[in-house]
Amino acid sequence: MFYFGEPEGIAQTYIESTLGITGPKLPDLHYEEMEEQQLRNCFAYLYIATQRAIQEGAEQAVVDILLEQYDAVFQFLAEVSDEFREAVRSRRHRLVVPYTPENVRKYNRLAGIDSES
């Protein structure tokens, strides 16, 4: 599916269409104010929206906006969840981007884990 408009609007459309999937409703809060389960839900929706944008060939500016939000929630979730950090450390967490050494280092850093190649 292709969307038309400014990258910010297109990114928001990807998110909104993902939120239309049956699942938990997200609170109208900033990531910093969400509890762990709310962050997990938000993270799942952002993962799906970002993955769809990549698979559908959305322009890079749209993917970058979605990745920025994905990264922010990733970092907030890692700050509140030992279980999530351990999943990242042990590479049981599935990244929305390819598992390259550069991406592994980036997400380890965002999770507050010492760099492991």
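Mentor: By class, ten nonpolar, two polar and two charged residues make up the lining of the largest pocket. Here Ala, Val, Leu, Ile, Met, Phe, Trp, Tyr, Cys and Pro count as nonpolar, Asp, Glu, Lys and Arg as charged, and the others, Gly among them, as polar. This is a predicted model, in which local features need pLDDT of at least 70 and side-chain atom pairs count only at pLDDT 80 or more, while totals for chains, interfaces and linings use all residues. Residues are numbered from 1 along each chain as its sequence is written, and side-chain values use heavy atoms, with hydrogens and water left out.

The largest pocket has a volume of about 260 Å³, a volume being the space filled by probe spheres set on grid points that are joined across faces, edges and corners. On a 1 Å grid over the protein atoms alone, a pocket is an open set of points with protein on both sides within 12 Å along at least five of seven lines, a cavity is a set where a 1.4 Å probe fits but cannot get out, and lining residues have an atom within 4 Å of a point. Of the 14 residues lining the largest pocket, Q12, I15, L19, L26 and C42 lie nearest its centre. At least two lining residues come from each of α1 (7–19) and α2 (36–55); helices are DSSP runs (H or I, at least four residues), numbered from the N terminus.

The axes of α1 and α2 come within 9 Å and cross at roughly 125°, where axes are lines fitted to C-alpha atoms, for helices over the stretch in contact, and angles run from 0 to 180 degrees between N-to-C directions. That makes α1 oblique to α2: angles under 35 degrees count as roughly parallel, over 145 as roughly antiparallel, 65 to 115 as roughly perpendicular and the rest as oblique. The crossing of α1 and α2 is right-handed, meaning that the near helix is turned clockwise from the far one by less than a right angle, with anticlockwise being left-handed. In α1, Y14, I15, S17, T18 and L19 meet Y45, L46, I48, A49, R52 and A53 of α2, contact meaning heavy atoms within 4.5 Å. The residues of this contact divide into eight nonpolar, two polar and one charged.

The axes of α2 and α3 (residues 60–80) come within 9 Å and cross at roughly 155°. That makes α2 roughly antiparallel to α3. Their crossing is left-handed. From α2 the contact takes E36, L39, R40, C42, F43, L46, Y47, A49, T50, A53 and I54, and from α3 V63, L66, L67, Q69, Y70, V73, F74, F76, L77 and V80. This contact has 17 nonpolar, two polar and two charged residues.

The largest cavity has a volume of about 60 Å³.
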